Protein chains: 2
Amino acid sequence: MRKKRRTVTIQDVAKIAGISVSTVSRVLNGKTDVASETQDRILSVIKDLGYTTNLAAKSMRSFRKDIVGLIMPDIAYPFAIEVMKGVNRAIAESEFDLLVYTTGDVRKSGRASHEQKYVSLLNNSIADGVIIVAPVTDKFSTDAPIVSIDPLMRDPNYAAVHATNYQGALDAMNYLLGLGHQRIGFITGRVELESSARRLKGYRDALKKAGISIDEQLITVGDYTAETGVQCARELLSLKHPPTAIFASNDQTAMGVYQVAQEMRLRIPEDLSVVGFDNIVESKYMGLTTVDQFISEMGFVATQMLIKLINGERLEAQTYQMRTQLVIRSSCKHHSARKTKSRMGRV
Amino acid sequence: MRKKRRTVTIQDVAKIAGISVSTVSRVLNGKTDVASETQDRILSVIKDLGYTTNLAAKSMRSFRKDIVGLIMPDIAYPFAIEVMKGVNRAIAESEFDLLVYTTGDVRKSGRASHEQKYVSLLNNSIADGVIIVAPVTDKFSTDAPIVSIDPLMRDPNYAAVHATNYQGALDAMNYLLGLGHQRIGFITGRVELESSARRLKGYRDALKKAGISIDEQLITVGDYTAETGVQCARELLSLKHPPTAIFASNDQTAMGVYQVAQEMRLRIPEDLSVVGFDNIVESKYMGLTTVDQFISEMGFVATQMLIKLINGERLEAQTYQMRTQLVIRSSCKHHSARKTKSRMGRV
DNA sequence: GTGAAAGCGCTAACAT
DNA sequence: ATGTTAGCGCTTTCAC
């Protein structure tokens, strides 16, 4: 079907340069014990022939491959993409290359077994180590280093960077409570995800701690999309006793809330305080408040951890806890709940 | 530093199952000429040992690797991410796996040589074929199939899926002109990108064709971000003679325009018509008009083309031209320019 | 400073 | 139906 291999190999380079393959290999790997004259000749032949090293063969023979693997459950997931950017940034600063393996549709195939498959595939073959995003398994059979980001297990026995879903939710709620809000609506994320569950727990715990009883009507179920944000916001704002503030599980959802506020001619934050989790979509100009989780930072940190492990260095800590930060995107100050409340009454 | 290879190989499986490696290999590759009894035994040993095939070794020996490579110039680029989603979708439906190679920071290293490097790396090693996004080079030295998406060259000598930057811009402009607008503002994308230049050309040509002379004041320079969208919109709307409609180079920029409109208490589309290119960020609820380029579709189509090539099938056409579609996101109808104009007068 | 040769783990003839 | 064996392209001792 296809004609046989035309790829230029290290053998071709050696032959044309009139030198042995081992010497070519030395040059390729930056060994110093090669006559500079020979080196120049080899380099020029490599260039002429357009030779590039065969990744597979190289990986098989050498311990060090200078490649970091990244395994993501799903590429359509903004969180994962953001992580990827951070990883990419750390990679750009290092001598490593990045290879991303996506498991495609998670729901189709068994998740845990897939994860193991990809980890082995990358780790035992072409990568020196692997970063895995939101893994469900807590044990992988591989001896190459692994760092996980936002693992679903509390205490995985591998290095991990933890997201601050719970603490971030507490921060957001304490901010709103600090403004004097008593009725705060909540829009959940995709309920099957840990991140969503933790954010909800933060919502509940903050209210409990503040001595405010929880009104289940104020908790609506979304799925991290703007669409459900719209639905949930309509639902919340049409209650007989509507909330004066809404805490949305992510920024997409917050955008949905924003839209509904526009429709209802409510100004944010004057008429309605809105806090969204994660600053993925640039919403700088919307007057929203954001709990920024520095998601891409997680990818960055995880990559640095992994590189240390690959280099045989010890980590100061096996887990790294990210921080969250409240960012007020609005140029105007948030009004107190008292004022907000009175405005709400007019709606 | 690290203890020596502990990885379980096909040899280990063979030894424990009391069978030869070739038989194990046969089972692994789904050959039928193996006694079902033997097959079961091997399968169970594989499972017990947690064996996974070594990608590198497999790739080296076999012609078919069942892996598609995707090379992207930059991961932070929303266009590329969208493409990736489409590729992923096509991959999920196929028997191929996906390996993504990002060149990291494009600006740092020479782009063209990098592209060649990655193509060879993937194609001659572990992938059966490669999809490359927005390549600058028009010739690659590799014999494995390549499909490019939105190549910078007009007529590359490899299969390509072309974006409809120019036609899409014409569509958008004709839409606005059809509404009766005479003064239409434009916000460019990153000027160094082909996509941006083509969109601008569409803007100019549409006006020319409509017999409207071009006012250079109405062309502002953005960079595909919401931030510049805001700046440019402020600039445009504070002209003595402001535009009645704005065509933004992408949806992020359009979001910036939207923000400024909010600040100035202009309603969209009643007071100001806004059209944005590409529907990457979900802006369904903003009342904006979008020229949808079906970006992820491009990834999907490209992947299908590549798989055909890998399978040795012929393509009906060497290039595939995507379509664009105008999508009105607003629930309310666009008002005519006459009305818009009069409202603008009041600003 | 350079070359010869031994594999890495696997697949694919070719045997049996 | 299964085993034997020869490499794929490369790195890496170990010679010289």
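Author: All of strand S9 (residues 273-277) of chain A is enclosed: 5 of the 5 residues are buried, so the strand is largely enclosed by the rest of the structure. Residues are numbered from 1 along each chain as its sequence is written, while chains are lettered from A and ligands numbered from 1 in written order. The model is predicted: local features need pLDDT of at least 70 and side-chain atom pairs count only at pLDDT 80 or more, whereas totals for chains, interfaces and linings use all residues.

Reader: Which residues are buried on the faces of S9(A)?

Author: Strands are DSSP runs of E with at least two residues, and helices are runs of H or I with at least four, numbered from the N terminus. Both faces of S9(A) are covered. One side has A:Ser273, A:Val275 and A:Phe277, and the other has A:Val274 and A:Gly276.

Reader: In what order do the 6 strands of the open sheet in chain A stand?

Author: Two strands pair if DSSP finds at least two bridges between them. The pairing in this sheet is mixed, and the edge strands, S7 (219-220) and S12 (325-328) of chain A, each pair on one side only. The order is S7-S6-S8-S9-S10-S12.

Reader: In S9(A), which residue is the bridge partner of A:Ala245?

Author: Strand S8 (residues 245-248) of chain A runs parallel to S9(A), and 4 bridges join them. S8(A), H10(A) and S9(A) make a right-handed β-α-β unit; right-handed means that, with the strands pointing away from the viewer, the path from the first strand over the helix to the second runs clockwise. The partner of A:Ala245 is A:Ser273.

Reader: In S10(A), which residue is the bridge partner of A:Gly276?

Author: S9(A) and S10(A) run parallel and are joined by 3 bridges. Strand S10 (residues 289-292) of chain A is in turn joined to S12(A) by 4 bridges, and these two run antiparallel. The partner of A:Gly276 is A:Thr290.

Reader: What rotation superposes chain A on chain B?

Author: The copies are superposed by least squares on the C-alpha atoms of residues with pLDDT of at least 70 in both. The shift along the axis is 0.0 Å and the RMSD 0.1 Å, with a rotation of 180°. The two copies are thus related as by a two-fold rotation axis. The C-alpha of chain A nearest the axis is that of A:Ala56, 2.1 Å from it, and the rotation is 180°.

Reader: How many residues of chain A and chain B take part in the contact?

Author: Residues are in contact if their C-beta atoms, placed from the backbone, lie within 7 Å. The copies meet through the same surface, because 100% of the interface residues of chain A are also interface residues in chain B. S2(A) is joined by 3 bridges to strand S2 (residues 97-102) of chain B, and the two run antiparallel. The contact takes 46 residues from chain A and 47 from chain B.

Reader: Which element gives the most to the surface near DNA strand D?

Author: A residue is near a strand if its C-beta atom, placed from the backbone, lies within 6 Å of it. Of the 30 residues around DNA strand D, those that come nearest are A:Ile10, A:Ser22, B:Ser20, B:Ser22 and B:Ala35. With 5 residues, the element that gives the most is H2(A).

Note on methods
Two residues are in contact if their C-beta atoms, placed from the backbone, lie within 7 Å. A residue is buried if 20 or more other C-beta atoms lie within 10 Å of its own, exposed if 12 or fewer, and partly exposed in between; C-beta atoms are placed from the backbone.
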